[in-house]
Amino acid sequence: MTYKAIIADDEKELRTYLKSILSEIWPELVICGEAENGKEALELVESKRPQIAFLDIRMPGLSGMEVAKRIAGLCRIVFITAFDQYAVEAFEKEAVDYLLKPVSKDRLIQTIQRLKNQLDSSTEPPARLAQVVEQILSKLPGREKSDFLRWIKMQNKDSVRLIPVEEADYFKAEDKYTLVVTKEGESLIRRSIKELAQELDPGQFWQIHRGTIVNVSKIDKVSRSLTGRGVLKLKGRPELLTVSRNYLHLFKQM
Amino acid sequence: MEQHIPINIKHHLNARHILSEFIYTILLSTLIAAFLTFTGITTKSFIMNLIVSQSLGISFCSIATLLLWLFKPERTASLLFIAVIGIVSGTLIGVQIGFFVLHQIFPVTLNQPGKSLFQVIILAITFGGVAWYFFYSKARIRLGNEVIQEEKIKRLSSEKETLEANLRLLQAQIEPHFLFNTLSNVLSLIDTNPTDGKSMLVDLIHYLRTSLSRTLPDRTTLDQEIDMIKAYLNIQKLRMGDRLHFRIELPDAVRQLPFPPMLLQPLVENAIKHGLEPKMEGGEITIKVAEKDDLIRIEVTDTGSGFSSFHNTGVGIGNVRERIKLLYGEKGRLILEENEPNGVRAIIEVPKRDVQSDHC
């Protein structure tokens with residue numbers, strides 16, 4: 001029986017290269033389609049129903065891993081990567097087929113041998129792969145890492161700027177929006193102070209009032225007013241901010 | 001533990017310090033005169049005591065300053081020796097002047113000139129010693145503070161240098177994805193298009209050599225940096241084909257200006273990695289270098305997927321921001337702007353003159 005395969009890689013030259021060594025060591029294999037991105041790969045698998053999909057991990061649109069999650073069980077998947085240390089370790093552990101770029105002929109011969117054995121024994125492609133991939137994806141650096149807000153969009157004259165969140169002096173509630181105040185100026189962001197409080201790193205930003213969040217590293221001094229509230233001064237800023245009683249405990253240890 | 005502080009007398013001999021020491025001397029002499037008047041050791045006349053003690057004080061101070069200026073002693077022993085000579089000769093001269101002036105104002109002769117002279121000499125030496133110790137301690141404290149300040153500055157600037165070197169090293173790191181993908185391309189091009197393969201390899205070699213040499217704090221020019229970025233973009237162009245277009249504007253006037261190595265490269269890499277690579281249809285990168293008053297302004301604009309893809313970036317950009325701060329303080333900055341209709345514009349502005357090293 002002849003088998004069909006698709007190759008998905010955003011770099012044309014690399015598809016050509018894989019095709020050429022495949023034709024050399026497995027001439028009977030039919031390459032029934034090539035995809036430049038994840039979306040195309042998905043469409044090809046659905047329309048051409050190949051037995052094998054070679055998927056580059058890094059592709060524009062959907063990544064190789066995301067494609068795999070959706071087509072697991074439909075065909076056998078071989079991942080291709082230039083350098084995804086973490087994924088490679090996981091593939092090793094879970095016995096998932098993968099190739100490293102530049103693809104070496106010896107390694108490809110091994111992979112093909114394994115594929116041939118699996119295909120000839122006519123077992124179904126493992127649907128479990130979807131879970132394995134999901135697991136790997138969830139552990140990939142950047143995904144599970146703290147998703148604290150790192151950038152703020154600020155309107156600056158006629159342009160929108162991206163400011164690292166640590167440059168903010170403080171945030172102040174303005175109706176449904178929030179005013180962010182930095183050394184360079186201030187700007188409204190389309191998020192309520194309540195939402196922001198969830199998104200900011202609590203180690204770096206403290207809520208001191210229902211409507212105020214301050215950058216801890218910018219605090220100059222806190223003193224107590226006659227009414228029992230706190231009065232907070234930020235470095236290099238003239239205005240005084242009020243610390244309501246509920247939040248005064250934050251400064252007890254200072 | 002007390003640290004030995006070398007006495008650098010040159011620091012000590014400037015007009016401001018000499019003046020302040022004369023003022024202190026006059027005050028001290030006045031105090032001594034008051035003390036002598038009060039106790040009546042010499043005479044009950046304040047004005048007489050004042051005349052003698054001022055002439056002694058001023059001659060001590062003048063002789064000590066003169067001797068310090070002449071010999072510039074550095075060890076405590078030679079300083080002590082000068083102090084002894086200063087006090088002895090100061091006493092002899094001061095007493096002569098004092099008594100001379102006294103004699104002019106109060107023509108009455110002192111009843112026991114021999115005794116008063118001896119008494120005055122003893123008192124002069126005693127008070128001279130005390131005064132000398134006072135000035136010595138004062139100078140020592142001040143010099144000590146200066147040394148501490150100097151060491152603090154030295155330590156801070158060496159910390160700053162280390163930090164800068166580490167950041168530079170980080171930025172000179174070659175992205176493994178880039179390296180292996182490029183090599184795969186070259187491998188394939190050897191068969192399909194040897195000419196392109198060759199030029200890609202030439203660009204890769206150029207890029208590798210430059211970024212490896214950039215781990216050293218050599219001086220680089222804008223020309224060299226842009227050259228390296230061209231090599232990088234040429235490689236990316238061969239990889240991405242029609243998905244990448246790029247344009248570089250580098251006026252001749254700025255080519256030879258010094259520019260820190262590997263400061264611009266992360267921005268270009270970021271534009272590719274987070275701007276154009278994730279976007280299916282790709283886009284364009286424009287690099288514009290310009291002079292603006294005494295600033296160098298470099299814009300890296302991409303038409304990629306914009307701020308939305310910035311969530312998982314930041315390290316490279318953060319390092320650039322950090323390095324600009326270390327190198328230029330408040331005088332340099334990095335701005336990230338939204339590009340219309342899509343993509344991001346990163347702008348670096350740094351002073352045209354060389355990296356400042358005195359700012360902490």
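In this predicted model, strand 7 (residues 159-164) of chain A and strand 4 of chain B pair in the antiparallel sense over two bridges, where strands are DSSP runs of E of at least two residues and helices are runs of H or I of at least four, numbered from the N terminus, and where pairing requires that DSSP find at least two bridges between the strands. Within strand 4 of chain B, Glu337(B) stands opposite Arg161(A). Residues are numbered from 1 along each chain as its sequence is written, and chains are lettered from A in the order in which they are written. Local features need pLDDT of at least 70 and side-chain atom pairs count only at pLDDT 80 or more, whereas totals for chains, interfaces and linings use all residues.

The contact between the chains takes 23 residues from chain A and 28 residues from chain B, two residues being in contact if their C-beta atoms, placed from the backbone, lie within 7 Å. On the side of chain B that touches chain A, the elements giving two or more residues are helix 6 (176-192), helix 10 (315-328) and strand 4 (333-338), and the largest share, twelve residues, comes from helix 6 of chain B. By class, this side of chain B has eleven nonpolar, ten polar and seven charged residues, with Ala, Val, Leu, Ile, Met, Phe, Trp, Tyr, Cys and Pro counted as nonpolar, Asp, Glu, Lys and Arg as charged, and the others, Gly among them, as polar.

Helix 6 of chain B is also among the elements against which the buried residues of helix 1 of chain A pack, together with strand 1 (4-8), strand 2 (30-35) and strand 3 (52-56) of chain A. These buried residues are Glu13(A), Leu14(A), Arg15(A), Tyr17(A) and Leu18(A); a residue is buried if 20 or more other C-beta atoms lie within 10 Å of its own, exposed if 12 or fewer, and partly exposed in between. Of the 254 residues of chain A, 33% count as buried.

The largest nonpolar core has 38 residues, and those with the most contacts inside it are Ile229(B), Tyr232(B), Val268(B) and Val300(B); such a core is a set of buried Ala, Val, Leu, Ile, Met, Phe, Trp, Tyr and Cys residues joined through C-beta atoms within 7 Å. Helix 8 (residues 222-240) of chain B gives the most to this core, with eight residues. A second, separate core of 33 residues includes Ile6(A), Tyr17(A), Leu44(A) and Ala72(A).
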